[in-house]
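Q: Hi! Could you walk me through the charged pairs in this protein?
A: Happy to. Let's bring it up and take them one at a time.

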Amino acid sequence: MSVPVIFSNIIGYDGLIFIAAAANAVIFQGARNAAVRLYSSMHKEVYTPSCGSDIKSIRSDIGRLTDKKVSALRERAVAWYTLYVNITGIFPLLGILGTVISLLGMVGNTSDVEGSFFAALTSTFWGLVFAMIFKFLDGFVSPKLDDGERAAELFMQRKAENHPSADLDDVRGLFENSEKDSPELPDDKKTEPKT
């Protein structure tokens, strides 16, 4: 039983492309989970829940949603998604690199031109195949992330409109507490604030 040409270089450079694809599949799952978590958390707060939802659990979830939690959800989703998109973008480059490496192998060893040529083609093939697959899967994550981002922005905007001085008061409180905790300066080191 002979191995099809397309799998002939799986032990070689194509194996690296398969390992990168497996890693990107795991990263895709993380990006998808983070985007769905952001989306579902924000839609409970920003948009009217559907009739089938448990209102008590939604109110409980809404009450626990803070600026810090929203920021953490956004940062996590964006970090996973950015990593996923960047790795997806290197697959065509990995294919081209595999092609160049295989063709360079032909320069020094003309006895196996056919094997090196097929290895060059399979590297390009697998790089393009995985790039297309992951680009297709991106279409499922990107809209959820975009909706979650818009909902998070709307949440922050509404919170700022409803409590415009909340952030300013928090900052003032930090400064007042730090002045109480700071050691007292000698009278000759103190300066009056300029008005």
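Q: Is D138 buried or exposed?
A: In this predicted model, D138 is buried, because its relative accessibility is 10% and the cut-off for buried is under 20%.

Q: Which residue forms a salt bridge with D138?
A: That would be K135, and the closest N and O atoms of the pair are 3.5 Å apart.

Q: Which residues are linked in a network of salt bridges?
A: R74, E149 and E153 are linked that way. For R74 and E149, the closest N and O atoms are 3.2 Å apart. This pair links distant parts of the chain, with R74 in helix α3 (residues 67-108) and E149 in helix α4 (residues 113-162), 75 residues apart.

Q: What about E153 and R74, how far apart are their closest N and O atoms?
A: They are 2.6 Å apart. That pair also joins helix α4 to helix α3, and the two residues are 79 residues apart in the chain.

Q: Why does R74 count as buried?
A: Because its relative accessible area is 18%, and buried means under 20%.

Q: And why is E149 called partly exposed?
A: Its relative accessibility is 21%, so it falls between the 20% and 50% cut-offs. E153 is partly exposed too, at 44%.

Conventions. Residues numbered from 1 in each chain as written. Predicted model: local features only at pLDDT ≥ 70, side-chain atom pairs only at ≥ 80, totals over all residues. Heavy atoms only, no water. Salt bridge = Lys/Arg side-chain N within 4 Å of Asp/Glu carboxyl O. Helix = DSSP H or I, 4+ residues; strand = E, 2+ residues; numbered from the N terminus. Buried < 20%, exposed > 50% of the residue type's maximum accessible area, 1.4 Å probe, protein only.
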